Amino acid sequence: MSIKSNNTEIDKIDGYVKIDSYDQEKIGRIASHYKAILTDLGEDPSREGLLQTPVRVAKALQFLTHGYDAKPEEILRSAMFKEDYSQMVVVKDIEVFSMCEHHMLPFFGKAHIAYIPNGHIVGLSKIPRVVDAFARRLQVQERLTNEIRDCIQDTLNPSGVAVVIECKHLCMSMRGIQKQNSVTTTSAFTGEFVNETTRSEFLRLITASLS
């Protein structure tokens with residue numbers, strides 16, 4: 001059962017409540033374009049299986065690009081705390097889901113992030129939220145890596161920031177060169193992580209297993 005209230009849809013299924021917010025005007029405009037695209041592809045958008053496809057695609061795109069509405073700096077500032085800690089803080093294996101701006105096909109993988117506090121620490125959950133804020137936009141992996149680094153450096157002013165992202169790109173595996181097992185790795189460093197010793201410690205930590 002679905003209940004609509006303003007621009008929010010509330011679905012109640014087997015006791016689970018799912019709430020999705022959409023800009024209905026944008027949904028309508030995007031859906032109309034996709035109806036035309038289906039026709040140009042040789043499909044019949046009026047057949048049963050495709051009747052709701054333009055709207056579903058429009059909603060999916062709005063969700064997949066909701067990072068445009070996020071403010072990553074404010075995410076970090078919402079949980080900054082003064083703390084006398086100056087050793088490396090590492091958050092690794094953060095899931096990344098984004099869309100290549102060249103083909104609008106997904107790329108996905110993991111981000112590994114570290115910073116060295118300089119008077120302030122940040123709530124650990126905020127770092128993955130910053131990753132999502134930048135990833136949920138049309139992106140290239142290189143820019144995504146730099147944006148995460150710069151946001152943490154400019155907001156927290158730590159002694160250094162390290163970001164490594166490893167992703168598979170469907171624009172490489174589904175089309176073009178069609179190499180299914182290739183992985184793209186990008187990295188960006190500031191401050192203490194430019195030092196080879198500190199950077200090597202970070203790389204060792206993100207590849208180490210606790211088990």
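1. Two strands pair if DSSP finds at least two bridges between them. Helices (H or I, at least four residues) and strands (E, at least two) are DSSP runs, numbered from the N terminus. With that in hand, look at Ile 94, whose bridge partner in β6 is Ala 111.

2. Some ground rules before going on. This is a predicted model, where local features need pLDDT of at least 70 and side-chain atom pairs count only at pLDDT 80 or more, while totals for chains, interfaces and linings use all residues. Residues are numbered from 1 along each chain as its sequence is written, and side-chain values use heavy atoms, with hydrogens and water left out.

3. Now the sheet. It is open, has five strands in the order β8-β5-β6-β9-β10, and its pairing is mixed. The edges belong to β8 (138-139) and β10 (184-189); each has a single partner strand, so one side of each is left without a neighbour in the sheet.

4. On to β5 and β6, which pair antiparallel over nine bridges. Phe 97 has Phe 108 in β6 as its bridge partner. The two strands form a hairpin with five residues between them, and Met 104 in the turn has a positive phi of about 55°.

5. Going along the sheet, β6 and β9 run antiparallel and are joined by ten bridges; Phe 107 has its bridge partner, His 169, in β9. Strand β9 (residues 160-169) then pairs with β10, again antiparallel, over six bridges. Here Glu 166 stands opposite Thr 185 in β10.

6. Where does the parallel part come in? β5 and β8 run parallel, joined by two bridges, and Met 99 stands opposite Leu 138 in β8.

7. Two helices are worth a look against this sheet. Helix α5 (residues 141-156) lies across β5, β6, β8, β9 and β10, and runs at about 155° to β9. Axes here are lines fitted to C-alpha atoms, for helices over the stretch in contact, and angles run from 0 to 180 degrees between N-to-C directions; contact means heavy atoms within 4.5 Å.

8. Aromatics next: a search of the whole structure finds two aromatic pairs. In one of them, the rings of Phe 189 and Phe 202 have centres 6.4 Å apart and planes at 80°, so the pair is edge-to-face. Phe 189 sits in strand β10 and Phe 202 in helix α7 (residues 196-207), 13 residues apart, so to speak linking distant parts of the chain. For the cut-offs, rings of Phe, Tyr and Trp (its six-membered ring) pair if their centres lie within 6.5 Å; planes under 30 degrees apart count as stacked, over 60 as edge-to-face and the rest as tilted.

9. Finally, the largest pocket is lined by 13 residues, with Gln 62, Phe 63, Thr 65, His 66 and Asp 69 nearest its centre. The elements giving two or more residues to this lining are β3 (16-21), α1 (24-40) and α2 (53-64), and α2 gives the most, with three. A pocket, on a 1 Å grid over the protein atoms alone, is an open set of points where a 1.4 Å probe fits, with protein on both sides within 12 Å along at least five of seven lines; lining residues have an atom within 4 Å of a point.
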